[in-house]
Amino acid sequence: MKTAVITGATSGIGFETASLLARKGFRVLGIGHSEENCLKAQERILSENPDAKIAYFWGDLMQQREVLCLSRDVAAYLSENCDGELNVLINNAGCVRSWYATTDEGYEQQFALNHLAGFYLTHGLLPFLKKTKGRIIITGSKSHKGIKVRWGDVMLSRGYNPLIAYKQSKLCNVLFAKGINDRYAAEGVRAYVVDPGLVNTDIGNKKTGTLVKLIWALRKLQGVPPTVPAKTYAFLCEQEKAPEGLCYYLCRETTYSKQVTSENASRLFALSERLCGICYGREAAV
Amino acid sequence: MNVLITGAAGGLGRAFAAECGRRGYSLFLTDINREGLLCLQRGLERQFNITVTTKACDLTNAESVNDMLELIDRHSIRFDMLLNIAGLDFEGSFMGREREKIIEIVTLNNAATLRITHAVIQRRRKGRCFTVVFVSSLASMFPMPLKATYAASKRFLLDFATSLRQELKEQNVNVLALCPGGMVTTRESMEGIAAQGFWGEVTTNPLETVARKTLDRALDGKGLYVPGSLNRTLSFLGKLIPRSIVAAVVYWRWNRAQNRWLNPAKE
């Protein structure tokens with residue numbers, strides 16, 4: 001049985017992907033923010049599919065100490081129940097903010113959750129992925145195009161614009177995937193970014209201001225239901241031979257920003273390693 | 001530049017700490033939340049490669065403050081700036097709150113702030129300018145029913161800062177009172193601002209900008225900073241309109257906002 005870990009798995013794209021993968025026979029380990037939402041999501045999946053192998057873990061991925069705890073809990077679970085093997089890690093959890101707000105580390109929240117949390121969690125679970133030549137899938141967005149990483153001020157504390165912060169965090173997703181492939185494709189571990197397109201979820205309604213809420217309420221009406229992008233995740237999980245592309249949209253390869261170079265990916269890797277206090281290449285042994 | 005920041009692990013404290021970090025200042029951070037301090041220390045060291053010292057302290061407890069001062073003296077740390085960020089509020093009417101919670105507001109916002117200010121100015125670096133920032137509030141400009149204790153405690157700080165500024169002028173100390181509107185410092189404040197609707201959002205000040213401009217102004221010798229042009233207009237109006245009328249308007253507004261926030265089901 002193949003195992004998949006999915007963050008942000010209690011609603012929206014993450015939930016539908018968890019539900020779909022469970023139906024396709026994956027053991028699914030979901031990660032969510034609150035115990036309440038996690039138990040609800042688990043119940044919903046089990047009510048539709050009583051045979052689903054599903055377990056949930058909860059914590060605030062924005063705070064690094066909680067990422068570390070979650071990654072240790074999931075690692076212990078994998079060692080105990082899955083022979084220390086993980087086939088797919090889906091870094092999906094993300095947020096939108098209307099204001100500059102920081103985590104306990106003093107990091108800007110969109111950067112911290114949309115990029116750093118996945119970077120940190122992947123580091124913790126990489127040894128388990130290596131054992132299966134597993135895949136990492138990150139929820140990106142077409143909106144990563146048309147901007148550059150502001151290297152001198154990645155937290156955007158000068159002239160903060162919430163939309164730019166979101167776009168930059170999504171560009172970081174693609175750079176991270178590129179960096180993983182540069183480092184680990186030789187060992188069989190590959191990373192992908194899924195552009196879900198415009199999806200009818202609540203991402204723009206959580207802890208945002210009236211303007212963002214209003215725009216999002218109108219915009220999401222044109223979005224597809226989250227079951228649509230879920231198929232792209234399942235497609236990437238199920239391919240016998242690892243697909244060669246980097247970004248996928250509707251089960252097909254799609255284009256990405258010219259900013260996605262090995263040089264920028266390495267730069268982001270070094271910066272993120274410093275901000276997380278970790279070092280890729282020095283993972284814990286399984 | 002050696003800076004002591006109180007309430008450093010909260011939303012506004014973190015924004016000030018990050019701003020100081022960007023400028024390369026050395027930081028001494030204190031807060032009642034020990035774990036939050038350690039997280040912030042790590043984050044700042046990783047981002048800015050600066051010297052950060054932390055000491056968890058309950059500013060309302062004289063003994064706890066003495067412990068911290070002893071640590072400061074043992075290492076002969078001397079300061080160029082004090083940012084008094086620590087402060088608190090509880091939502092609800094005067095009679096609707098627990099007695100001791102109300103005392104806590106005044107104890108921290110006022111008594112504890114005076115205690116640490118006195119101690120840190122005594123420990124200023126010799127022969128250099130010294131800067132003190134008090135975080136008052138837009139609320140200090142008006143009588144604020146349903147936030148009566150908080151607003152009055154902030155008024156105390158505003159008046160105190162103005163007087164202290166005069167007292168210490170000749171000793172090369174600059175005192176600035178910051179009077180911001182709402183700020184998105186916690187999860188609750190995000191919800192609170194959303195509950196106030198339009199007026200909540202337009203009087204909300206961006207944290208990162210407030211931190212940057214406050215430091216700019218304080219170092220430039222200014223004495224008062226009300227961020228945001230709308231907030232400056234409101235504070236001006238607050239001086240023109242009779243206080244009893246302001247109180248009535250504010251009561252009407254807060255009553256609605258708090259009902260909406262605390263009882264969302266009734267909508």
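Reader: In β5(A), what is the bridge partner of A:N91?
Author: In this predicted model, A:I138 of β5(A) is the bridge partner of A:N91.

Reader: What makes strand β4 and strand β5 of chain A a pair?
Author: Two strands pair if DSSP finds at least two bridges between them. Strand β4 (residues 88–91) and strand β5 (residues 135–139) of chain A have four bridges. The count meets the cut-off, so β4(A) and β5(A) pair. The sense is parallel.

Reader: Which order do the eight strands of the open sheet in chain A take?
Author: The order is β3-β2-β1-β4-β5-β6-β7-β8, with mixed pairing. From one strand to the next, the twist averages 25 degrees.

Reader: Why do β3 and β8 of chain A stand at the edges?
Author: Each has a single partner strand, so one side of β3 (53–58) and one side of β8 (252–254) of chain A lack a neighbour in the sheet.

Reader: Which helices lie on this sheet?
Author: Helix α3 (residues 64–81) of chain A packs on the sheet and touches β1 (3–7), β2 (27–32) and β3 of chain A. Its direction makes about 165 degrees with that of β2(A). Helix α7 (residues 227–238) of chain A lies across β4, β5, β6 (190–194) and β7 (247–249) of chain A. α7(A) runs at about 165 degrees to β5(A).

Reader: Why is α4(A) called roughly perpendicular to α8(A)?
Author: The axes of helix α4 (residues 109–132) and helix α8 (residues 262–276) of chain A come within 10 Å and cross at roughly 90 degrees. The perpendicular range is 65 to 115 degrees. That makes α4(A) roughly perpendicular to α8(A).

Reader: Which residues meet there?
Author: From α4(A) come A:F111, A:H115, A:L116, A:F119 and A:Y120. They meet A:L268, A:F269, A:S272, A:E273, A:L275 and A:C276 in α8(A). Eight residues of this contact are nonpolar, two are polar and one is charged.

Reader: How are the seven strands of the open sheet in chain B paired?
Author: The pairing is parallel, in the order β3-β2-β1-β4-β5-β6-β7. The edge strands of chain B are β3 (52–56) and β7 (224–225), each pairing on one side only.

Reader: How do you know that β6(B) and β7(B) pair?
Author: Strand β6 (residues 173–178) of chain B has two bridges to β7(B), in the parallel sense. The rule asks for at least two, so β6(B) and β7(B) pair. B:A177 stands opposite B:L224 in β7(B).

Reader: What angle does helix α8 of chain B make with β6(B)?
Author: Helix α8 (residues 207–219) of chain B runs at about 150 degrees to β6(B). It lies across β4 (81–84), β5 (130–135), β6 and β7 of chain B.

Reader: How many residues does the contact take from chain B and from chain A?
Author: Chain B gives 21 residues and chain A gives 30 residues. The two chains bury about 2,400 Å² between them, 49% of it on carbon and sulfur atoms.

Reader: What makes A:D104 and B:R14 a salt bridge?
Author: Their N to O distance is 3.6 Å. The cut-off is 4 Å, so the pair qualifies as a salt bridge. The pair crosses between chains, from the loop between β4 and α4 of chain A to helix α1 (residues 11–22) of chain B. B:E19 and A:R158 also meet in a salt bridge, at 3.0 Å. Across the interface of chain B and chain A, the rule finds four salt bridges. Over all chains, the search finds 23.

Technical notes. Residues are numbered from 1 along each chain as its sequence is written. Chains are lettered from A and ligands numbered from 1 in the order in which they are written. This is a predicted model: local features need pLDDT of at least 70, side-chain atom pairs count only at pLDDT 80 or more; totals for chains, interfaces and linings use all residues. Side-chain values use heavy atoms; hydrogens and water are left out. Axes are lines fitted to C-alpha atoms, for helices over the stretch in contact, and angles run from 0 to 180 degrees between N-to-C directions. Angles under 35 degrees count as roughly parallel, over 145 as roughly antiparallel, 65 to 115 as roughly perpendicular and the rest as oblique. Contact means heavy atoms within 4.5 Å. Ala, Val, Leu, Ile, Met, Phe, Trp, Tyr, Cys and Pro count as nonpolar, Asp, Glu, Lys and Arg as charged, and the others, Gly among them, as polar. Buried area is the accessible area (1.4 Å probe) that two parts lose on being put together, summed over both. A salt bridge is a side-chain nitrogen of Lys or Arg within 4 Å of a carboxyl oxygen of Asp or Glu.
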